[in-house]
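Please read it alongside the structure shown below.

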Amino acid sequence: MSKSLDVITIGRAGVDFYGAQIGGRLEDMGSFEKYIGGSPTNIACGTARLGMKSALISRVGNEHMGRFILEQLAREGVETTGVVTDPERLTALVILGIRDQEQFPLIFYRENCADMALCEEDIDEAFIASARAVVPTGTHLSHENTRAAVLRALELARKHGARTALDIDYRPNLWGVLGHGDGESRFAASAEVTAQLQSTLHLFDLIVGTEEEFHIAGGSTDTLEALRNVRKVSGATLVCKRGPMGAVA
């Protein structure tokens, strides 16, 4: 069949409340700016802005924040057919701030949130078949139901000739490795998380992550060793994001 979509992303869809007082602590914030957030939601919007035909597979709540996400996705030109409105759960929220170049305090409100109820039944074969590429992100490999949904989407992508990519998108507390107060943390070692990730890395044509994210995927805090460990289990193109130093493929 012809491919009507360039990319489908899969995973987190939430609302970000950014503290408006740049440089302040979250404790001292008096007002917030509201944006859609979640790595796959951002990728869908970013690729749409670049002229691609993009879509998102996720879930939002049947409430004001869920409607905000759907309406904003539509304004950005993102296809929302794959976004399920969950009748029982609330849309995920994030409260965050910008203190300086190094500190971005962050609290995830994702307890039993809508997007983590994504399941295999939400993956429509014809929809996946309509895409040239399928891009899940790491958080949705962290729980049994969402992992099953991602694996189903990857299986169908392969079946229908689509390319596959992973944004490792490692947030330790979303894997249960750190606590609620550590939302800002981008790395904590976990042999269990490394094993879970490595069991799926062979399914991707492209893997993208920061140095810390490759540390968790490769099971080493030595970046080159971590990349070699990833290479042992995957033939994917690896893109390591290095902040102000750019990226290395």
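A pocket is here an open set of points on a 1 Å grid where a 1.4 Å probe fits, with protein on both sides within 12 Å along at least five of seven lines. By this definition, in what is a predicted model, the second largest pocket holds about 360 Å³ of space, and the largest pocket has a volume of about 920 Å³.

**Pockets**
- The second largest pocket is lined by 17 residues, with Arg110, Glu111, His143, Asn173 and Leu174 closest to its centre, and its lining divides into seven nonpolar, eight polar and two charged residues.
- The lining of the largest pocket comprises 27 residues, of which Phe104, Arg171, Arg186, Thr210 and Lys241 lie nearest the centre, and it divides into eight nonpolar, seven polar and twelve charged residues.
- Helix H6 gives the largest share of that lining, three residues, while strand S2 (14–19) and helix H1 (39–49) are among the other elements that give two or more.

**Sheet and helices**
- An open sheet of eight strands runs in the order S5-S4-S1-S8-S9-S10-S11-S12 with mixed pairing, and its edge strands are S5 (83–86) and S12 (247–248).
- Strands S8 (131–136) and S9 (163–167) pair in the parallel sense over two bridges, and Val134 has Thr164 in S9 as its bridge partner.
- Helix H6 (211–218) packs on the sheet, where it touches S9, S10 and S11, and its direction makes about 120° with that of S10.
- Helix H2 (64–76) lies across S4 and S5, running at about 170° to S4.

**Annotation**
- An unreviewed UniProt entry annotates residues 6–248 as "domain: Carbohydrate kinase PfkB", and over these residues the chain is 30% helix and 25% strand.

How values were computed. Residues numbered from 1 in each chain as written. Predicted model: local features only at pLDDT ≥ 70, side-chain atom pairs only at ≥ 80, totals over all residues. Heavy atoms only, no water. Pairing = 2+ DSSP bridges. Helix = DSSP H or I, 4+ residues; strand = E, 2+ residues; numbered from the N terminus. Contact = heavy atoms within 4.5 Å. Axes fitted to C-alpha atoms, helices over the stretch in contact; angles between N-to-C directions. UniProt positions renumbered as here; feature names shortened; annotations may be inferred. 1 Å grid on protein atoms, 1.4 Å probe; cavity = no way out; pocket = protein on both sides within 12 Å on 5 of 7 lines; lining within 4 Å. Points joined across faces, edges and corners; volume = space filled by probe spheres on them. Nonpolar A, V, L, I, M, F, W, Y, C, P; charged D, E, K, R; others polar.
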